[in-house]
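Visitor: Could you walk me through this one? I'd like to ask things as they come up.

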Amino acid sequence: MKITVDQEKCIGCGACVSICPDIFKLNDAGKSEIKQENTEDEECAKNAAQTCPVNAINTE
Ligand code: SF4
């Protein structure tokens with residue numbers, strides 16, 4: 001599964017980082033960035049995608 005974060009949409013709320021600290025991190029611009037593009041923890045990534053208030057996280 002590949003995970004991407006839409007930098008335009010992300011508001012830097014940090015929810016995804018709290019849910020999956022191994023997958024997401026906040027970058028210098030205060031936006032969420034992918035630490036690991038291919039993860040085994042699909043469950044976590046999907047949870048984060050659903051929790052994101054602006055639907056900035058895409059999982060394929
Ligand atoms: S949950 Fe969404 S808006 Fe919040 S930091 Fe993550 S990608 Fe950005």
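Visitor: Before that, what kind of model is it?

Guide: This is a predicted model, in which local features need pLDDT of at least 70 and side-chain atom pairs count only at pLDDT 80 or more, while totals for chains, interfaces and linings use all residues. Residues are numbered from 1 along each chain as its sequence is written.

Visitor: Fine. In what order do the elements run from the N terminus on?

Guide: The order is β-α-β-β-α-β, where helices (H or I, at least four residues) and strands (E, at least two) are DSSP runs numbered from the N terminus. The radius of gyration, taken over C-alpha atoms, is 10 Å, close to the 10 Å that the globule rule (2.2 Å times the number of residues to the power 0.38) gives for 60 residues, so the protein is as compact as a globular protein of that length.

Visitor: And which residues make up the largest nonpolar core?

Guide: That core has twelve residues, namely I3, V5, C10, C16, C20, I23, F24, A45, A48, C52, A56 and I57. A nonpolar core here is a set of buried Ala, Val, Leu, Ile, Met, Phe, Trp, Tyr and Cys residues joined through C-beta atoms within 7 Å; buried means 20 or more other C-beta atoms within 10 Å of a residue's own, exposed means 12 or fewer, and partly exposed lies in between, with C-beta atoms placed from the backbone.

Visitor: Switching to the ligand, which residues come nearest?

Guide: Of the 14 residues around the ligand, C10, C13, C16, S32 and C52 come nearest, a residue being near if its C-beta atom, placed from the backbone, lies within 6 Å.

Visitor: Where does N55 lie?

Guide: N55 lies in the loop between α2 (42–51) and β4 (57–59), and its phi is near 50°, a positive value in a residue other than glycine. Most residues other than glycine have a negative phi.

Visitor: Is N55 buried or exposed?

Guide: N55 is exposed, because 11 other C-beta atoms lie within 10 Å.

Visitor: How about K46, where is its place?

Guide: K46 sits in helix α2, and it counts as partly exposed because 15 other C-beta atoms lie within 10 Å. K46 and N58 are twelve residues apart in sequence and 8.6 Å apart in space, C-alpha to C-alpha.
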